[in-house]
Amino acid sequence: MTTATEVQSNIVRVGLQKANTISAEQAKLRLHEGAGEITITALDLAISSAVIVAQMLCDQKMVKITKIYTLRGPLNAEEKKSRVCDQIEIKVVKTPEFDEIYAEQTKVRAERKAAREAEAAAAEGSDEKEPQE
């Protein structure tokens with residue numbers, strides 16, 4: 001059984017504990033770091049979340065789905081009578097326009113962050129200037 005530190009860098013595991021957008025951002029980051037193909041995986045109830053993550057990336061025209069694998073079987077190969085678990089693996093590859101779209105999204109994200117910081121600084125400044133009664 002693999003631990004979290006042993007997970008390959010081209011695999012994004014989707015679960016119910018984190019938002020789909022976080023998994024999509026992880027996939028984008030892995031593709032940006034040089035992986036040409038990544039695999040989005042999930043177990044049982046998180047399968048629909050994995051499909052949503054893959055579809056989000058396709059809708060943004062960042063990836064193309066190449067293969068979808070489904071599996072139903074025991075969690076461990078050693079335990080034949082263990083709980084049956086559904087699994088999905090969605091293999092996606094970068095589109096030619098990935099780098100351009102990623103750069104644009106990064107730029108927009110940085111602009112939003114700067115605007116939020118400016119608003120926060122302005123709010124702190126206006127709180128200090130108000131006379132206390």
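Visitor: How many bridges join strand 3 to strand 4?

Guide: Strand 3 is joined to strand 4 (residues 84–94) by 11 bridges, and the two run antiparallel; strands here are DSSP runs of E with at least two residues, helices are runs of H or I with at least four, both numbered from the N terminus, and two strands pair if DSSP finds at least two bridges between them. This is a predicted model, in which local features need pLDDT of at least 70 and side-chain atom pairs count only at pLDDT 80 or more, while totals for chains, interfaces and linings use all residues. Residues are numbered from 1 along each chain as its sequence is written, and side-chain values use heavy atoms, with hydrogens and water left out.

Visitor: Which residue is the bridge partner of Ile65?

Guide: The partner of Ile65 is Val92, in strand 4.

Visitor: And what is the strand order in the sheet?

Guide: The order is 1-2-4-3 in an open sheet of 4 strands with mixed pairing. Strand 1 (11–13) and strand 3 (63–74) are the edge strands, each pairing on one side only.

Visitor: Switching to helix 1, which residues are buried there?

Guide: Asn20, Ser23, Ala24, Ala27, Lys28 and Leu31 are buried in helix 1, where buried means under 20% relative accessible area, with a 1.4 Å probe and protein chains only.

Visitor: Why are they on the same side of helix 1?

Guide: Because they cover an arc of only 140 degrees around the axis, the arc being that of the directions from the helix axis to the C-beta atoms.

Visitor: What follows helix 1?

Guide: Helix 1 is followed by Gly34, which has a positive phi, near 125 degrees.

Definitions and conventions
Buried < 20%, exposed > 50% of the residue type's maximum accessible area, 1.4 Å probe, protein only.
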